[in-house]
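Please look over the notes below alongside the model. They take the strands, then the pocket, then the aromatic rings.

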Amino acid sequence: VQLVESGGGLVQPGGSLRLSCAASGFTFSRSGMSWYRQAPGKERELVAGISSAGGSTNYADSVKGRFTISRDNAKNTVYLQMNSLKPEDTAVYYCNAMGYRMATRYDYWGQGTQVTVSS
């Protein structure tokens with residue numbers, strides 16, 4: 001199983017970034033996918049989630065209207081479009097896959113990608 005995030009970097013306040021997470025080794029199209037983030041000294045928090053077919057999404061209040069999660073099941077990839085970035089969005093962003101296989105829940109995590117918002 002692999003979840004490989006990419007697209008992080010340094011961006012100025014008000015700028016945009018698009019994160020990608022490429023998945024392999026499990027049935028991506030049957031998995032709910034989420035983005036989490038963890039800032040220094042803080043707990044990991046849910047940023048956005050999307051259902052297996054992409055028909056349902058949810059967002060943290062702090063990112064509503066600025067971030068958009070999407071997925072391409074043909075490419076086994078989930079995305080996070082981040083607009084109007086703020087310094088408080090600075091964190092390591094992690095991709096998560098969750099689902100059930102033979103009635104057993106699984107949770108897979110990527111290695112994380114750093115997003116830094118600073119002038």
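1. Two strands are taken to pair if DSSP finds at least two bridges between them. Helices (H or I, at least four residues) and strands (E, at least two) are DSSP runs numbered from the N terminus. This is a predicted model, in which local features need pLDDT of at least 70 and side-chain atom pairs count only at pLDDT 80 or more, while totals for chains, interfaces and linings use all residues. Residues are numbered from 1 along each chain as its sequence is written, and side-chain values use heavy atoms, with hydrogens and water left out.

2. Strand β4 (residues 32-38) runs antiparallel to strand β9 (residues 91-101), and 7 bridges join them. Within this pairing, Gln-38 faces Val-92 of β9.

3. β4 is also joined to strand β5 (residues 45-50), again antiparallel, by 5 bridges. Tyr-36 has Leu-46 in β5 as its bridge partner. The hairpin of β4 and β5 has 6 residues between the strands, and Gly-41 there takes a positive phi near 80°.

4. An open sheet of 4 strands has the order β1-β3-β8-β7, with antiparallel pairing. Its edge strands, β1 (2-6) and β7 (67-72), each pair on one side only. From one strand to the next the twist averages 15°; axes for this are lines fitted to C-alpha atoms (for helices over the stretch in contact), and angles run from 0 to 180 degrees between N-to-C directions.

5. β7 pairs with strand β8 (residues 77-82) in the antiparallel sense over 6 bridges. Asp-72 stands opposite Thr-77 of β8.

6. Which residues line the largest pocket? They are Arg-37, Gln-38, Ala-39, Lys-42, Glu-43, Glu-45, Ser-62, Arg-66, Lys-86, Glu-88, Asp-89 and Ala-91. A pocket is an open set of points on a 1 Å grid over the protein atoms alone, where a 1.4 Å probe fits, with protein on both sides within 12 Å along at least five of seven lines; lining residues have an atom within 4 Å of a point. The space in the largest pocket is about 160 Å³, a volume being the space filled by probe spheres set on the points, which are joined across faces, edges and corners.

7. The structure holds 4 aromatic pairs. In one of them Tyr-106 and Tyr-108 are stacked, 4.9 Å centre to centre with 20° between the planes. Rings of Phe, Tyr and Trp (its six-membered ring) pair if their centres lie within 6.5 Å, and planes under 30 degrees apart count as stacked, over 60 as edge-to-face and the rest as tilted. Ring pairs link Phe-26, Tyr-106 and Tyr-108 into a cluster.
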